[in-house]
Each structure stands twice: as C-alpha cells, then as structure tokens.
Amino acid sequence: MSQLTKKLTNINISTAPEDLICYSFDASGIVIAPSAIVWPESTEEVVRVMKYAYEKGIPVVPRGAGTGMTAGAVPEKGAIILSFEKMKRILDIDSENLSVLCEPGVINGRLQRELEWKGFFYPPDPASMNFCTIGGNVAENAGGPRAVKYGVTRDYVMEIESVLPNGEIITTGVRTAKGVVGYDLSKLLVGSEGTLSVFTKIRLKILPLPEEVITLLAVFNNLEAAGNAVTKIISSKIIPRTLEFMDHEAIVSVEKFKPVGLPADAEAILLIELDGYPSVITKEAEKIVDICRHLGAEIKMAEDEYARNDLWTSRRSISPALYQIKPTKINEDIVVPRNKVTEMLKYLRKLSEESGIKIVNFGHAGDGNIHVNIMVDKADEEEYRKGLGLVEKVFQETLSLGGTISGEHGIGLTKARYIGMELSKKELEIMEAIKKAFDPKKILNPGKIFPPA
C-alpha cells in the first residue's frame, strides 16, 4: 500500500498492523482485516480516494463507528476502510427552515444535545446513540425507541451529498419541505448500507423540542399480558413516543450489569413515554395506566429526570448485559405487525424451551420490532450450530405472521443468505441493476446485502 500513500498525499492513511486490527470488525464480531485505513477530512479527499480505488479496482468500505450488528462495516479482504471519524462537524442549524446540515461522522447523541440546547429535537435515537454516527444511521436507516411515534432515519433525511464509486459528486434530495422531481434518490440511498455511494454531507429535518415528557414503567407477571397491553394502548388511539419491551431474562441481565432497581421477578416490563403538551399527555398517561392495570400490571412513574435517565440507562445497557449469559450473541431484529407481538413472543418462548437454548427478547414493541438474542458459546461447536439453526426458524415464523426479517439492523453479511426468504428473485434482480448503475465495478462495500453466489 506504499503506492496508496504516495498517490494520496496529505490524506490520513495507515497500514499499521494495530490499526488494521482495530478496524477489522464491528459489533457483529466477524473479523476480516482491511489493507489500509483512510481518515478523510473533506469531500475533496473522499473524491481522491474513490477515484484512486476505482482506477485500481480496490474495494472500499465506508465506516461510521462500527456499531452495526450485521457486519456491514466489516471489510472484504484487501479493502480500504474509509473511516469518517474526522468528518464530524455540524455545519448549519437552520432554525427558520427546521433543518440541520452535518458531516457523516457526527455522533447521534452529540447532535441530539446540541439541538436540544437550542430548543430543537431530532427523534431517531438508536440504543447506541452516544457513539454511533449520523452517516452510519443513514446507511442503515436506523430507528430507535422513538420510532413508534416519530418514524425512522429515512423520515428525516432531506438532502445527501455523496461521492459515487468513480469519484463523481452528486447531491440528492431537496432543502425544501416538499419536492417531487424525478425519482427520490435520497430515500434510495438511505438504508443502502454503503453499497451505492459514500455520504459526505447530510441535511436532516428537525422538530421543536416537546414541552414535557412523562415516563412510565409497567411491570407484568405475565408475558402475554405485556404483549396484549401494547396492542390495547395503540388501538386506544394513543401513540406514545416510546413503547419498549423487556422480557424476564433481559431484566435479570441488565440488573446484574447496571442495577437501577428493576423488578427481577417480573416476567416482562414496558417502558412507556409520552411527550407533548402537559394537559394532553397527563390524560393519555392516565388512560395507559388504566389499560395496564386491567391487565394485571403494576405501574411506576419516573419522579424526576434522574429516575427517567436511570430507566433509559438500563434499557440501553441490555445488549452488552446479555454477554453475562453466554459469550456469543446471535442477534436478530425482526418486526411483526403490532397485533402479532404476543403470538411471536409465545413462539420464541416455546422455541427456547424446545431447543434448550436461551433466547432473550427486548425491543420496540410499539412498532412490532423485537430484538431476538439467541445466546450460545461459539467455542461449543454443537451449541453454536444449533443456535444458528434457530435463526431460519425465527425468520420463517416472522414472515408467516406478515413481518420482516430486519427492522433497523440491515442485511450486511450476516443476513445476506436469508434475504431470498423475503424478497423475490425479480426484486433482487432490480436491486442488482440499481447497484450496477451506481457501482459498475462493484468496489463499494462488496459482499453486503446480496446473497452469496
């Protein structure tokens, strides 16, 4: 790669073994070493890197913070990692047009804090918000707890400046509140997992900060009652800003990992938040309390901001807490229609009991998004193989209930073999044609999304 450093002068590049190791994996646990790491600081530097890679036929993998669960940022052997840690500026907060322009390396949580200080609100809030990047969020179409009311990243992307594999710059979308001119390429790029172009600037829609927030914790001694509560809350025409679910194993794990006083003997809990005008959300909270109590729940209300933050700290700690159960986590993020959540949870409990493998469930019950965690030990080959075998069964049941195999984690490498379970051959052909139009040499994040040949 000495040729790379000679050609791309004045750009931060490393081929040091320690750097290659650090950028060889993401949250999926899959490890493949790249040939070099490049840290661009501007669109112009990205253009130079892409032109060089296109000319030489070198694969390039854009990378945010490496928090993805499906190996979307894991490089192909010999690839260049294009890491956006140094492109982290918030360029403009437009209070008159309610938008913010930022670079892809901006941390989601930092953007949230900057906006809230100015009285604005950016709803998408992945569990990894304190370290994941906006560029990665856009690439994966990230969601989060607030998606039940406010939607996902795609609903907030207005305009994207990006660099094509051949080094050309395109700007897709509009700065205006509406616009219908040709195909909506920005929405196509959202969720494309770094396979079509490299994002360099992103304009996002923002909202006024809600006036008040009420946080409720509903504790259930019956798993099915918790699932039924989700359906009843939504059908009562109340849309909370969050409606989160944790099963018994998730509760126990997080209390051992970062105790905040969650009831370890509960079968399930719902973490429910409402936001808006105080008089309106107080009435809605009373209605939700009534629904949950009729289903046998005990209700607690966060008394202040500290109590509220403790509850959310526990919720955002579930994923790392699960490693106390087993050293390997096979993590899936299925979505089923809201009225099928109870049925899916019952199926997962039965599957766990029949297989003898612990399956821990939590997630965004308000929009039907369940994070299914199959806990195994990869060192135990038989157990690991058995755990992997459960994935297809989970997906089959999900699809039979009218769901989808990925709600916000994308496809990446780990789900590529299963994509044909949900998408038809024709749909995949259309997707491949789109990929070819953007990236005829197939150098941009190769091996992701599409099933292995």
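Me: Is Tyr418 buried or exposed?
Reply: In this predicted model, Tyr418 counts as buried, at 9% relative accessibility.

Me: How many aromatic pairs does the structure hold?
Reply: The structure holds four aromatic pairs. One of them joins Tyr122 and Tyr156, whose ring centres are 5.8 Å apart. Their planes stand at 80 degrees, so this pair is edge-to-face.

Me: Where do Tyr122 and Tyr156 lie?
Reply: Tyr122 is in the loop between β7 and α5, and Tyr156 is in the loop between α6 (147-150) and β8 (157-163). The pair therefore ties together parts that are 34 residues apart in sequence. Tyr122 is buried at 0% relative accessibility, and Tyr156 is buried with a relative accessible area of 3%.

Me: And what kind of pair do Phe395 and Tyr418 form?
Reply: Phe395 and Tyr418 form an edge-to-face pair, with 5.1 Å from centre to centre and 80 degrees between the planes. Phe395 belongs to helix α14 (residues 381-400), while Tyr418 is in the loop between α14 and α15 (419-422), so the pair ties together parts 23 residues apart in sequence. Phe395 counts as buried, at 0% relative accessibility.

Me: Back to Tyr156: which residue lies over its face?
Reply: Lys205 does, at 5.1 Å from the ring centre. In another place, the charged end of Lys441 sits over the ring of Tyr54, 4.3 Å from the centre of that ring.

Me: New topic. Which residues of helix α4 are buried?
Reply: In α4, residues 108-117, the buried residues are Asn108, Gly109, Leu111, Gln112 and Leu115. They are on the same side of α4, because they cover an arc of only 160 degrees around the axis.

Me: What do they pack against?
Reply: The buried residues of α4 pack against strands and a helix, namely β5 (90-94), β6 (99-102), β7 (120-121), α5 (134-140) and β10 (198-205).

Me: Which exposed residues are on the face turned away from that buried side?
Reply: That face of α4 carries the exposed residues Arg113 and Trp117. Just after α4, Gly119 takes a positive phi of about 85 degrees.

Me: What about disulfides, how many are there?
Reply: The count comes to zero disulfides.

Me: Is Cys102 buried or exposed?
Reply: Cys102 counts as buried, at 0% relative accessibility. Cys292 is buried too, with a relative accessible area of 0%.

Notes. Residues numbered from 1 in each chain as written. Predicted model: local features only at pLDDT ≥ 70, side-chain atom pairs only at ≥ 80, totals over all residues. Heavy atoms only, no water. Buried < 20%, exposed > 50% of the residue type's maximum accessible area, 1.4 Å probe, protein only. Helix = DSSP H or I, 4+ residues; strand = E, 2+ residues; numbered from the N terminus. Arc of directions from axis to C-beta. Contact = heavy atoms within 4.5 Å. Disulfide = S-S within 2.5 Å. Phe/Tyr/Trp six-rings, centres within 6.5 Å; stacked < 30°, edge-to-face > 60°. Lys NZ or Arg CZ within 6 Å of the ring centre and 35° of its normal.
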